[in-house]
Amino acid sequence: TNGEDDCLEPEEFAAYQWTYLESAPTPEALAQAARARSNTASGLQCAVCQAVDCKLQRCARCKAVWYCGPACQKADWGARRSVCQVPSPKGGHAERPGANPRYPLPNPDLDFGDQQLSVQIQFH
């Protein structure tokens with residue numbers, strides 16, 4: 001460039017191997033590209049066809065593999081049937097409805113916080 005404008009000369013433009021788009025990408029194409037970037041960054045891909053540019057769904061049973069759709073899941077089921085297992089709960093404790101993963105005790109004392117507060121008030 002000559003410093004007077006922000007345009008690249010044709011030979012500079014070619015050196016960067018840039019190309020002009022015929023038209024702007026559609027919102028669907030942009031969303032698909034964003035999904036592909038997100039899935040690739042997360043290390044996710046379809047277990048059968050290795051697709052990354054679609055909405056991937058986990059196996060509802062084992063939650064260990066991802067599929068791009070029912071067709072790929074059905075195609076993989078013969079091989080996965082023997083190893084697909086429901087995961088055991090974290091911490092070895094049975095899952096409780098509404099269990100807090102930050103407090104994984106099997107039988108928490110829900111009154112402990114109130115007891116601690118009363119002691120702090122008493123001695124302050």
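**Note on a predicted single-chain model**

1. Arginine 80 is buried (under 20% relative accessible area, with exposed over 50% and partly exposed in between, using a 1.4 Å probe and protein chains only) yet has no salt bridge. A salt bridge here is a side-chain nitrogen of Lys or Arg within 4 Å of a carboxyl oxygen of Asp or Glu. The nearest side chain of opposite charge, aspartate 76, lies 4.3 Å away; Lys and Arg count as positive and Asp and Glu as negative, while His and the chain ends are not counted.

2. This is a predicted model, in which local features need pLDDT of at least 70, side-chain atom pairs count only at pLDDT 80 or more, and totals for chains, interfaces and linings use all residues. Residues are numbered from 1 along each chain as its sequence is written, and side-chain values use heavy atoms, with hydrogens and water left out.

3. The predictor's confidence in each residue, pLDDT, runs from 0 to 100. Its mean over the chain is 80, and 79% of the residues reach 70 or more. Confidence is lowest in helix H1 (residues 10-15), with a mean of 75, and highest in S2, at 94.

4. The chain has four helices and two strands, arranged along the sequence as α-α-β-β-α-α. These elements are DSSP runs numbered from the N terminus: helices are H or I of at least four residues, and strands are E of at least two. Of the 124 residues, 12% count as buried.

5. Arginine 80 belongs to helix H3 (residues 70-80). Leaving aside residues up to four places away in sequence, Arginine 80 touches Cys62, Val65 and Tyr67, where contact means heavy atoms within 4.5 Å. With the same exclusion, cysteine 62 touches Arg80, Cys84, Gln85 and Pro87.

6. The largest nonpolar core has 10 residues, among them Cys62, Val65 and Tyr67. Such a core is a set of buried Ala, Val, Leu, Ile, Met, Phe, Trp, Tyr and Cys residues joined through side-chain atoms within 4.5 Å.

7. The structure holds zero disulfides, a disulfide being a pair of cysteine sulfur atoms within 2.5 Å. Cysteine 49 is partly exposed, because its relative accessible area is 40%; its sulfur is 3.6 Å from the closest cysteine sulfur, in cysteine 68, too far for a bond. Cysteine 54 counts as buried, at 18% relative accessibility. The closest cysteine sulfur to that of cysteine 54 is also in cysteine 68, at 4.8 Å, again too far for a bond.

8. Alanine 60 sits in the loop between strand S1 (57-58) and strand S2 (66-67) and is exposed, at 64% relative accessibility.
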